[in-house]
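Subject: Handing over the model

Hello,

Here is the structure I promised to pass on to you.

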Amino acid sequence: MIEPLLASFAVLVTVLSSVLGLAVGSFLNVVVYRVPLGMSVVTPPSSCPRCGAAITSRDNIPVLSWVLLAGKCRSCRTAISVRYPLVEAGTGAAFVAVTLDLISDEPTSGRGITSGLLVLGAYLYLAAVSIALALIDVDVHRLPNLIVLPGYVVGTVLLSLAALSSGDLGPLLRAGIGLAAMWFAYFLMAIVYSGGMGFGDVKLAGVLGLFLGYLGWGELAVGSFAAFLLGGFYAVGLLVARRATRKSGIPFGPWMLAGAWVGIFFGDRVWDGYLTLLGAV
């Protein structure tokens, strides 16, 4: 009797996460555009950048409105970038992926429902922040404090409540170690290699270490290493294609975030496989 109820609850949470992700994705479009310009993300209401016409509620439905309007402003018919619906749909898909991953882990995690929902909330927040920061870093080569720094507070509060709710403080200790280890490692790299690593990366590293460490040592190790692996492949690809030189500046934030999510989704399995391989040698 309990298992069907839990299955139904999992389906409900996943559906709600997808809807929430679409709505959050719509808001992230505002964040990505306005935060680098120093504008408020609350006021004024969204409007067409060309004709200034306010975006009405019916034209602000994630993905659907863009499709119904054929990708154009209702008033002046100026083309609306396809990036807007892609961010909305991508955020919805990311929320579903995070929810399914954490729900599938629930039977072996030892978390109760309350703790599990707190953990889910924390990583959905990280997913939203990751999308915003990756796009902003690609656009303007910056990782704004306004988005990065609250991650320390939100992550610490939600994950602390989750650990206290479950009665297991081990993950919280790992999270603290992960935060300190990644922040210090990136700080040293920023000092030694100031031309290639900014202090925005250092601040982001601490946030990612917090979230990776909470899940496990494997997630922390794989997530931190994957950033350099993915970023390295990308840099080599640009060099081979002659789209960059050895002195070209490449934003590393997106690769830090991508690596962290590799660690979150696959870190435990990759780490276990690595340890098994070492034991067989």
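Below is what I found in it, grouped by topic.

First, some ground rules. This is a predicted model, so local features need pLDDT of at least 70 and side-chain atom pairs count only at pLDDT 80 or more, while totals for chains, interfaces and linings use all residues. Residues are numbered from 1 along each chain as its sequence is written, and side-chain values use heavy atoms, with hydrogens and water left out.

**The core**

The largest nonpolar core has 55 residues. By that I mean a set of buried Ala, Val, Leu, Ile, Met, Phe, Trp, Tyr and Cys residues joined through side-chain atoms within 4.5 Å. Helix α4 (residues 113–140) gives the most to this core, with 14 residues. Helices here are DSSP runs (H or I, at least four residues), numbered from the N terminus. Val98, Tyr123, Tyr186 and Tyr214 have the most contacts inside the core. Not counting residues up to four places away in sequence, Tyr123 touches Val98, Leu102, Leu159, Phe211, Tyr214, Leu215, Trp261 and Ile264; contact means heavy atoms within 4.5 Å.

Tyr186 is also among the buried residues of α7, together with Pro171, Arg174, Ala175, Gly178, Met182 and Ala190. Buried means under 20% relative accessible area, exposed over 50%, and partly exposed in between (1.4 Å probe, protein chains only). Helix α7 covers residues 170–192 and reaches 33 Å from its first C-alpha to its last, close to the 33 Å expected; that expected span is 1.5 Å times one less than the number of residues.

Leaving aside neighbours within four places in sequence, Thr14 is in contact with Val96, Thr99, Leu100 and Ile103. Asn29 also lies in α1 and is buried, at 8%.

**Salt bridges**

How many salt bridges does the structure hold? There are three, counting a side-chain nitrogen of Lys or Arg within 4 Å of a carboxyl oxygen of Asp or Glu.

- Asp59 pairs with Arg74, with the closest N and O atoms 2.8 Å apart. The pair links the loop between α1 and α2 to the loop between α2 and α3. Asp59 is buried at 16%, whereas Arg74 is partly exposed at 40%.
- Asp139 pairs with Arg83, the closest N and O atoms being 2.8 Å apart. Asp139 lies in helix α4 and Arg83 in helix α3, so the pair ties together parts that are 56 residues apart in sequence.
- Asp268 meets Arg269 at 3.8 Å, N to O.

**Backbone details to look at**

A cis peptide bond joins Thr43 and Pro44, with omega about -5°. Pro44 lies in the loop between α1 and α2. Ala70 has a positive phi of about 55° although it is not a glycine, and Ala70 is found in the loop between α2 and α3. His141 likewise has a positive phi of about 55°, in the loop between α4 and α5.

Best wishes

Methods. Helix = DSSP H or I, 4+ residues; strand = E, 2+ residues; numbered from the N terminus.
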